[in-house]
Amino acid sequence: MNGEKGYAALRGQYKLDLDNGLVLTPEYGYYRRSDKEEDEAGSTSRYGLQASYDVTDDWTAYALARWVPLSLDFQSIEYAAGVRWVPFYKKGMFKAPLLGLQAGQIRYDVYSDALDNPLEHAYSPTETFARAEAETYARKLRLRGIYRKVIKYSSQPPSGVSTNWADVPFMVAVVQGFIKESSALQLAYPTRNITPYASWVRYKYADHRAFATAVSAGIALHFWDMDFSGGVEVFEPKRQANRKTYFSMTVESKF
């Protein structure tokens, strides 16, 4: 992904199916805010591992851990667990619906404020969150939804202190800040070789009362065992002062 002022982001994962119901998925993420040779914003990486197990044909349990090593006066570690359930294969216009629940915590260590001024004492809150997801096919449309909410912070994030890594559902771009709540919808129309899609996200930071929005749209192409997609992501499209636009490309291969 790339965007304004040389912003670049990368996310990758590899699913290793052990053929006994167990699937291991290591992942890696990276982003850089600028392409300047001497960039005061620098770059941040994240490493992760997810393990899932098919308990039955209908139920899957999983656990994951993610780690952002110390960079730009910030580091974090996340751990979570959840279940996914497919209640039926087909009923009326709906096919293979999936419901999921997840709970977890993120421990942050922040050593400077948003203006890069060192903090007198490191800010080290623990975030406890819950996440729900749903997915189904309605005739030829694929519908996906995600809702995530922070249940509590061990200490409320103070104004002017931010994180270096925050996820927005269905978006490749990485944002900064403590996101307290988010809800997202994605609509896709899969065909044999082409799948257009569109996403809408509403999210709120811990230190803001108002919600922000993000939208994305793109097309995925399917050839042999390869999937290629390209799209555009726009954050806060109605607020010109805060608007940010990114262009993304993804590749998926099965072997």
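Q: Why does Y123 count as buried?
A: Buried means a relative accessible area under 20%, whereas exposed means over 50% and partly exposed lies in between (1.4 Å probe, protein chains only); Y123 has 10% relative accessibility and therefore counts as buried. The value comes from a predicted model, in which local features need pLDDT of at least 70 and side-chain atom pairs count only at pLDDT 80 or more, while totals for chains, interfaces and linings use all residues. Residues are numbered from 1 along each chain as its sequence is written, and side-chain values use heavy atoms, with hydrogens and water left out.

Q: What makes F178 buried?
A: The relative accessible area of F178 is 4%, and F178 is therefore placed in the buried class.

Q: What makes Y153 and F178 an aromatic pair, and which kind is it?
A: Rings of Phe, Tyr and Trp (its six-membered ring) pair if their centres lie within 6.5 Å, and planes under 30 degrees apart count as stacked, over 60 as edge-to-face and the rest as tilted. The rings of Y153 and F178 are 6.0 Å apart from centre to centre with 90 degrees between the planes, which makes the pair edge-to-face. Y153 belongs to strand β12 and F178 to the loop between β12 and β13, 25 residues apart, and the pair thus links distant parts of the chain. Strands here are DSSP runs (E, at least two residues), as helices are (H or I, at least four), numbered from the N terminus. Both Y153 and F178 are buried.

Q: How many aromatic pairs does the structure hold, and what kind do Y123 and F178 form?
A: There are 14 aromatic pairs in the structure. Y123 and F178 form one that is edge-to-face, with 6.0 Å centre to centre and 80 degrees between the planes. This pair also links distant parts of the chain, since Y123 is in strand β10 (residues 118-123) and F178 is in the loop between β12 (141-153) and β13 (179-188), 55 residues apart.

Q: Which residues do ring pairs link into a cluster?
A: The cluster linked by ring pairs consists of Y7, Y31, W165, Y203, Y205, F235 and Y246.

Q: What makes R84 lie over the face of Y62?
A: A charge sits over a ring if NZ of Lys or CZ of Arg is within 6 Å of the ring centre and within 35 degrees of the ring normal. R84 is 4.1 Å from the ring centre of Y62 and lies over its face, and R202 lies over the face of F211 at 3.6 Å from the ring centre.

Q: How do you know that β11 and β12 pair?
A: Two strands pair if DSSP finds at least two bridges between them; strand β11 (residues 126-138) and β12 have 12 bridges and are antiparallel. A134 stands opposite G145 in β12. The strands β12 and β13 also run antiparallel, joined by eight bridges, and I146 has A184 in β13 as its bridge partner.

Q: How many helices and strands does the protein chain have, and why is it called as compact as a globular protein of that length?
A: The protein chain has zero helices and 17 strands. The radius of gyration is taken over C-alpha atoms, and the globule rule is 2.2 Å times the number of residues to the power 0.38. The radius of gyration of the chain is 19 Å, close to the 18 Å that the rule gives for 255 residues, so the chain is as compact as a globular protein of that length.
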